[in-house]
Amino acid sequence: MTQGIQPEEPQLTEARRLPAQSRLQLTWSDGHVGAYDYTYLRGFCPCAGCQGHGGGPVQFKPPAADVQLQHIEVVGNYAISFLWSDGHATGIYRFGFLRELCPCRECCPEEELGDSK
Ligand SMILES: [Zn+2]
Ligand SMILES: [Zn+2]
């Protein structure tokens, strides 16, 4: 284990919408795959409008209503942005940030938060 060493940000190789599950499936350059609920992703929108200007870590802000993901846009070579069904589109999600958010069992082995629906 090499804690403290920041590896290169993983590259996103595929972003696929799973409309039936209201999820976004992300595939990474190391072969890792994670599926993110739209509401989860929307709640972690890192834009200043959602997070304020505190500069701290991105907090989960539950969206007012369920959202659908309408469009995915790649930003440069390092991030993607989303157009949500509530019209919001200013969040830039860096690949490394998305990877940290990965809710899969492998990344979050201890599900202490429970599954709040
Ligand atoms: Zn936002
Ligand atoms: Zn994961």
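Which residue stands opposite G34 in β3? In this predicted model, the residue standing opposite G34 of β3 is L26.

The strands β2 and β3 pair in the antiparallel sense, and 5 bridges join them. Their hairpin has 4 residues between the strands, and within this hairpin G31 takes a positive phi near 95°. Strand β3, which covers residues 33-37, has two faces: G34 and Y36 make up the covered one, while V33, A35 and D37 make up the uncovered one.

Most residues other than glycine have a negative phi. S22 is found in the loop between β1 (12-18) and β2 (23-28), and it counts as partly exposed because 16 C-beta neighbours lie inside 10 Å.

| Residue | Phi | Location |
|---|---|---|
| G31 | near 95° | hairpin of β2 and β3 |

The largest nonpolar core holds 15 residues, of which L24, L26, Y36, Y38, L41 and L98 touch the most other members. Two or more residues of this core come from each of β2, α1 (38-43) and α3 (95-101), and α3 gives the most, with 3 residues. In soluble globular proteins, nonpolar side chains tend to be buried together. When residues up to four places away in sequence are not counted, L41 touches L24, Y36 and F82.

Definitions and conventions:
Residues numbered from 1 in each chain as written. Chains lettered and ligands numbered in written order. Predicted model: local features only at pLDDT ≥ 70, side-chain atom pairs only at ≥ 80, totals over all residues. Buried ≥ 20, exposed ≤ 12 C-beta atoms within 10 Å, placed from the backbone. Core = buried A, V, L, I, M, F, W, Y, C linked by C-beta atoms within 7 Å. Contact = placed C-beta atoms within 7 Å. Pairing = 2+ DSSP bridges.
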